[in-house]
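User: Please take a close look at the ligand site in this model and describe how the protein surrounds the ligand. A word on the neighbouring architecture would also be welcome.

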Amino acid sequence: MTGWEEVDEGWGRQAVRFATLSEPANCREYVALHHALELRAGDRLLDVACGAGLALELGALRGARPAGIDASRRLVAVARDRLPDADVRVGDMHALPWADADFDVVTSFRGIWGTTPDALAEVHRVLAPGGRIGLTVWGHIKASPGAWALAPFRLASTGSVAHQAAMVSLGRPGAGEELLTSHGFVDVRRVQVPCAWEFADPDAYALALASTGPAYEAIQVVGEEAFLAHARTIAEERVREGLPLRAEIDVVGYVARRPVERPADGSTSFLGPAPVTEAVEELYADDRDELGYVMNASRAWAHLPEVVDQLFGALGTAGTAARLTPRQRGILVAATAAARGDAYCALAWGGKLASAAGDEVAAAVLTGTDAGLSDVERALATWARQVVRDPNGTTATDVDRLRAAGYSDAEIVAITAFVGLRLAFSSINDALGLLPDQQLAADGPPAVVESVSFGRSPAPDRSGDA
Ligand SMILES: C[S@@+](CC[C@H](N)C(=O)[O-])C[C@H]1O[C@@H](n2cnc3c(N)ncnc32)[C@H](O)[C@@H]1O
């Protein structure tokens, strides 16, 4: 295969059969990767090499706003028919026709390969800072029980078969991790992605396989009839009475993130320095007395100290009204910050919670396992995460759980206000680009520091600064 414009010759020639006989067999893969990416309502989603668009249709069912690109105009025609309102384009994955930072999530299902690594630079560009990427690639095909289903592709020329082998190299242990990291992605993880193709009978299988791009490479060598006959013969041996033909093939999934943007070197937020008034001097002196250094949060809030004073005044009132102990405050703040993705408060309050409840409990709240918490504490942590992630998704039953944990309605309002006000503080800090204090990472309990794998990473060492 040479230029991307020729891709349609193979991938588009049987677009309708591909969309109806072949693509539906990949649905498990699409659902599993969307789940691993936590694809949610409102996410701007791009699927690279989107084929006939079934993955995009499933993404749209989760509420994502779909866009796609594929080199095959005839496959894109099917995708557009399925998703008339989506932005689906014919084009090359190496030159994505979208602006920088246009998407929250980019997927590619066996579309980006070892032979197309430069497409990752494009994906990085069009993802917003903090955005998620999810890829699937073939894994260990030879060791898969369903390896037979791909065998007819080997009827292609020796050169094409070698090219197909190079394409699947991304599934090898460490290969995808290395490639994604070298393109600037972080938090790279391998995830379980099932691939089980099912067909009604050998004929259906042969027609489905023949509709794909690699089949066309084989068909050019042996002709369509010979390809179909070979595929049917292989499948005849796998027919099972009363069950579909089923081919389970190893597929590897990767998820990763584009890192969030950092302030310019030497800055601890996107803001400039605040004028040092008497009130600001006092704020900094309080920090130095208490911590031995001036917090990056204080440097930012020095632009508007009266608002942060009122915010913390309200937090104090809510905390008292909810009868929160220091340990309960730690649980609520750590759960809120982690659910919001705020590294700064997660590190600061993870450390405080570790002092009150132990390192393991703090790490458990930050990672959401809640191991070591009492029933009441679990109810608090769960409520905090619900308030942060989906306040419209709460139910009367959720509020009843807090009542069952011993809280009155007034206390439930106070707890919710406490979480909401902490969420406001975290959101404001994150939006202004505040970096966690370097000391929090350097001196914090290792279990806490390791649990904070989200948000902006700590500021460089500025010891010696005013
Ligand atoms: C293995 S298929 C995957 C299709 C789809 N993601 C699916 O799950 O069925 C590979 C797809 O990559 C597309 N493709 C190949 N080269 C491309 C390129 N340079 N840019 C965009 N799409 C390309 C093909 O048209 C084909 O739809």
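Analyst: An oxygen atom of the ligand lies 2.7 Å from an N or O atom in the side chain of Tyr30; a polar contact here is a pair of N or O atoms within 3.5 Å, where within protein one must be able to donate a hydrogen and the other to accept it, and residues adjacent in sequence count only if both atoms are side-chain atoms. The model is a predicted one, in which local features need pLDDT of at least 70 and side-chain atom pairs count only at pLDDT 80 or more, while totals for chains, interfaces and linings use all residues. Residues are numbered from 1 along each chain as its sequence is written, and side-chain values use heavy atoms, with hydrogens and water left out.

A backbone N or O atom of Ala49 is 2.7 Å from a ligand nitrogen atom, and a polar backbone atom of Ala71 is 3.1 Å from a nitrogen atom of the ligand. Of the 590 Å² of accessible area that the ligand has on its own, the protein covers 91% (Shrake-Rupley method with a 1.4 Å probe; for residues, only the protein chains shown count as cover).

The ligand has 18 residues around it, and Tyr30, Ala49, Asp70, Asp92 and Met93 come nearest; a residue is near if one of its heavy atoms lies within 4 Å. By class, the shell holds 10 nonpolar, four polar and four charged residues, with Ala, Val, Leu, Ile, Met, Phe, Trp, Tyr, Cys and Pro counted as nonpolar, Asp, Glu, Lys and Arg as charged, and the others, Gly among them, as polar.

As for the architecture, strand E1 (residues 44–48) and strand E2 (residues 65–70) pair in the parallel sense over five bridges, and Arg44 stands opposite Arg65 in E2. Strands are DSSP runs (E, at least two residues) numbered from the N terminus, and two of them pair if DSSP finds at least two bridges between them. An open sheet of seven strands, with mixed pairing, runs in the order E3-E2-E1-E4-E5-E9-E6. Strand E3 (87–90) and strand E6 (186–193) are its edge strands, each pairing on one side only.

Notes
Helix = DSSP H or I, 4+ residues; strand = E, 2+ residues; numbered from the N terminus.
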